[in-house]
Amino acid sequence: MAHELYILLSNSMGELGYSTQSTISYIDTLSNLMTINKTSAIGAESAINALTKAQMKGKLAGVEAMTVFSNMPSVLGTLTNYLKKNAKSTKEAEKITEQYVS
């Protein structure tokens, strides 16, 4: 799966200024999340398309967010853990969430 992801994402990641190493790390993370969540091939394709659109917009929002969360529910847990670790208050957590997910 990682090879297919690299083929699908390398151009857009490069256009966004990511290095090859950053792209490979991102793809490894996506691949692991899809394995953990037992994401189907169709679900994986939907999630990848949604994430690519979100990258171009700079935010994961609306239909794209719901697509990612429904196909890779552990992403919500990862976001929750990140907010718990990095936000010192509820207000700060809301600010971080608004910055990246709306």
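Let me start with a term: a salt bridge is a side-chain nitrogen of Lys or Arg within 4 Å of a carboxyl oxygen of Asp or Glu. A search of this whole structure finds 1 salt bridge.

Some ground rules. This is a predicted model, where local features need pLDDT of at least 70, side-chain atom pairs count only at pLDDT 80 or more, and totals for chains, interfaces and linings use all residues. Residues are numbered from 1 along each chain as its sequence is written, and side-chain values use heavy atoms, with hydrogens and water left out.

Now the salt bridge. Which residues form it? Glutamate 64 pairs with lysine 57, and their closest N and O atoms are 3.3 Å apart. In general, side chains of opposite charge can pair when their charged atoms come close. Are the two partners buried or exposed? For us, buried means under 20% relative accessible area, exposed means over 50%, and partly exposed is in between, with a 1.4 Å probe and protein chains only. Glutamate 64 is buried, at 13%. Lysine 57 is exposed, at 58%.

On to the helices. Helices are DSSP runs of H or I with at least four residues, numbered from the N terminus. Helix α3 covers residues 41-57, and helix α4 covers residues 62-71. Their axes come within 8 Å and cross at roughly 140 degrees. Axes here are lines fitted to C-alpha atoms, for helices over the stretch in contact, and angles run from 0 to 180 degrees between N-to-C directions. Under 35 degrees counts as roughly parallel, over 145 as roughly antiparallel, 65 to 115 as roughly perpendicular, and the rest as oblique. So α3 and α4 are oblique to each other.

Next pair. The axes of α1 and α2 come within 10 Å and cross at roughly 135 degrees. That makes α1 and α2 oblique to each other.

Now the loops. Leucine 16 sits in the loop between α1 (2-15) and α2 (20-36). Leucine 16 is partly exposed, with a relative accessible area of 35%.

Lysine 38 lies in the loop between α2 and α3.

Technical notes:
Helix = DSSP H or I, 4+ residues; strand = E, 2+ residues; numbered from the N terminus.
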